Amino acid sequence: LQPGLEVSGHVTDAAGAPVPQCAFTLIGAAGPIVTGTSDKSGVFLLGGLDAVPGLWLSALKNGFAPTVLGPFDLRSGPLADLKVVLPASVSLAGVVAESGGAFVAGAQVTIQSLEVPEGLPRQSLAPALFGRANGLTGAHGDFLLENLAPGRYSLIIVAPDGRRQELRDVQAGGETLRINFD
């Protein structure tokens with residue numbers, strides 16, 4: 001092993017503007033290895049790394065879609081000048097109501113992506129990164145989950161009384177969902 005290898009690069013938005021204070025995590029088979037943050041110019045540097053294969057780089061910043069790049073193999077040396085482009089995030093909004101029309105307030109709403117890149121160790125994911133996002137329904141059964149990557153999700157609703165319902169293949173970034181809770 002060659003300790004001290006680095007992963008470095010520059011993060012921008014879709015228009016090419018630098019994204020400061022973007023949180024980066026390098027993820028290996030056993031979970032997160034190292035974290036860092038981009039500077040005001042969007043430059044990031046993650047150092048002190050071993051020469052190993054199967055690494056993934058995640059980038060998280062409010063207002064942008066969670067982004068994952070990889071897999072990378074550091075056995076052939078450091079990764080320099082990576083270009084990371086963060087697309088705008090989307091949200092998933094909905095209203096949960098009983099079949100009779102009464103709103104379901106205080107229900108736990110959880111989504112999980114159906115589009116996890118192959119080889120990415122799911123157990124090591126940050127909650128918002130191709131993993132899970134959570135929320136509670138309000139007094140009128142409404143919920144809003146933000147800062148999501150565009151894509152397909154599984155939506156799980158657990159009412160305060162423990163009843164559970166799952167919807168598969170829900171598209172984030174679309175119209176407000178009207179969910180009839182059975």
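This short talk walks through the predicted model shown above, from its overall make-up to a few individual residues.

Since this is a predicted model, local features need pLDDT of at least 70 and side-chain atom pairs count only at pLDDT 80 or more, whereas totals for chains, interfaces and linings use all residues. Residues are numbered from 1 along each chain as its sequence is written, and side-chain values use heavy atoms, with hydrogens and water left out.

Let me start with the chain as a whole. The protein chain has 0 helices and 14 strands, where helices (H or I, at least four residues) and strands (E, at least two) are DSSP runs numbered from the N terminus. Buried residues, meaning those under 20% relative accessible area, with exposed over 50% and partly exposed in between (1.4 Å probe, protein chains only), make up 43% of the 182 residues. If we take contacts, that is, heavy atoms within 4.5 Å, between residues at least 6 apart in sequence, then 62% of them join residues at least 24 apart. The accessible surface, from the Shrake-Rupley method with a 1.4 Å probe and, for residues, with only the protein chains shown counting as cover, comes to about 9,100 Å², and 53% of that surface belongs to carbon and sulfur atoms.

Next, the aromatic rings. The rule is that rings of Phe, Tyr and Trp (its six-membered ring) pair if their centres lie within 6.5 Å, and that planes under 30 degrees apart count as stacked, over 60 as edge-to-face and the rest as tilted. By this rule the count comes to 1 aromatic pair. Phe24 and Phe44 form that pair, which is stacked, with 4.0 Å from centre to centre and 20° between the planes. The pair links distant parts of the chain, since Phe24 belongs to strand S2 (residues 23-28) and Phe44 to strand S4 (residues 43-49), 20 residues apart. Both Phe24 and Phe44 are buried.

I now turn to strands S12 and S13. Strand S12 (residues 151-158) pairs with strand S13 (residues 164-172) in the antiparallel sense over 7 bridges, pairing being assigned if DSSP finds at least two bridges between two strands. Arg152 stands opposite Gln171 in S13, and in the hairpin, which has 5 residues between the strands, Gly162 takes a positive phi near 95°.

Leaving aside residues up to four places away in sequence, Ser154 touches several residues, including Thr110, Ile111, Leu114 and Leu167.

Finally, some backbone details. Most residues other than glycine have a negative phi, and most peptide bonds are trans. Asp81, in strand S7 (residues 79-86), has a positive phi of about 60° although it is not a glycine, and at 51% relative accessibility Asp81 counts as exposed. Asp169, found in strand S13, has a positive phi near 65° and is partly exposed, with a relative accessible area of 47%. The peptide bond from Gly70 to Pro71 is cis, with omega near 0°, and Pro71 lies in strand S6 (residues 67-72).
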